[in-house]
Amino acid sequence: MAEPDGAEKYLEGYAHILTSACATGRRLNRDELAALRAQGERAAEAGLGLRLLVRAHLSAAQDVRASLRGASADHLLAAVEQAVDAFAEGHERAQRLAIRQQEAARREFIDDLLHGRSDAGRLAERAERFGLLLSHAHAVAVAQGTEPYEDGYSVTRGIEASLAARFGNRRILLTTKNGRLICIAPGDEAEVLAFFAKQAYAATDGGRVAIGRPHPGVGGVVHSYEEALNALDLAARMHLKDPVLHAADLLVYPVLTRDRQAMADLVRSVLGPLQQARGGAQPLIDTLNAYFHTGCVAAEAARQLSLSARAMTYRLERIHQLTGADPGDPVDRYTLQTAVVGARLLDWPDETL
């Protein structure tokens, strides 16, 4: 009986092993098992599937059976079981090794891509293996949950399956780094990252997602990734509550802190006097932040801070007395609000400026 195409070369010596074992009813010896495992490894490296190869072994065993008589034929099934098991073990071992090598290559590529390492041409060439065309613009979304996530986690696999079901074979790369979920998508396909953000927010049990702006070329991925990371850091510092952050909506904050020394001087000069208040500056900074966040509606700010209207009024008046700036005055309000933003960004008054 003919073996399936491509399998013949990986059956070398198999019939002889079966015949020899059946002649005396013995089990396969160590050398025979090792030879079969080696054949299985070579077959896996050649890309042949295990189903095809098992079928070939069973087919060859039928040819051997035709030449056996009596007790020898009765032992054939046990010999075939041993032989196929050894062959499959070698095949599976080679596949596991190949998977580990692929995972290592993928991880190395991700690290190089997100840190801008490696030659740009070489990086672009490697990127095509993972579905990215770095000659185009790309945007990066980063999701951060209550616990770290890695490749192979159920959350990661679930989101990857959802993306594949929704967008098919589009050029999307989902990975993890430093415990965060990362999605890289073509810059002109905003719906991909929006869908990823929705899935990640639900899967990470109320985590937060930041989306960088699209940028072209190899360096564009790094730029977008860093924007997303900075947005997450900014959200923590500013106590932003939005579950999905867009770096494009937060550009004012990097502008404000581009000259850190100037911002520190503003915070010290405008808000420094608040340190004279009982309890220090922080409660009054929180008061200003709530006041500005509610559109300068004192009653709503008082509710957010769990204060009475009278206590809120007192705090605003105290701020005016200490700083000389009136939160209700449009000109003073801008200066105070900018200083409050700067205090958040610079972790003042916890950090010394």
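The structure is a predicted model. Its open sheet has 5 strands in the order β2-β3-β1-β4-β5, and their pairing is mixed. Elsewhere in the chain, helix α12 (residues 282-293) packs with helix α14 (residues 309-323).

**The sheet**

- The edges of the sheet are formed by β2 (173-177) and β5 (244-246), each of which has a single partner strand, so one side of each is left without a neighbour in the sheet.
- From one strand to the next, the twist averages 20 degrees.
- Strand β4 (residues 208-211) pairs with β5 in the parallel sense, over 3 bridges, and Ala210 has Leu245 in β5 as its bridge partner.

**Helices lying across the sheet**

- Helix α8 (residues 190-203) lies across β1 (138-144), β2, β3 (180-186), β4 and β5, and runs at about 165 degrees to β3.
- Helix α9 (residues 217-238) also lies across β1, β2, β3, β4 and β5, and its direction is at about 35 degrees to β1.

**The pair α12 and α14**

- Two packed helices are described by the angle between their axes and the distance between the axes.
- For α12 and α14 the angle is about 110 degrees and the axes are 10 Å apart, which makes α12 roughly perpendicular to α14.
- The crossing in which α12 passes α14 is left-handed.
- On the α12 side, Pro283, Leu284, Thr287, Leu288 and Tyr291 take part in the contact, and they meet Met312, Arg315, Leu316, Arg318, Ile319 and Leu322 of α14.
- Sorted by class, this contact of α12 with α14 comprises 8 nonpolar, 1 polar and 2 charged residues.

How values were computed:
Residues numbered from 1 in each chain as written. Predicted model: local features only at pLDDT ≥ 70, side-chain atom pairs only at ≥ 80, totals over all residues. Heavy atoms only, no water. Axes fitted to C-alpha atoms, helices over the stretch in contact; angles between N-to-C directions. Helix = DSSP H or I, 4+ residues; strand = E, 2+ residues; numbered from the N terminus. Parallel < 35°, antiparallel > 145°, perpendicular 65-115°, else oblique. Left-handed = near helix turned anticlockwise from the far one by under 90°. Contact = heavy atoms within 4.5 Å. Nonpolar A, V, L, I, M, F, W, Y, C, P; charged D, E, K, R; others polar. Pairing = 2+ DSSP bridges.
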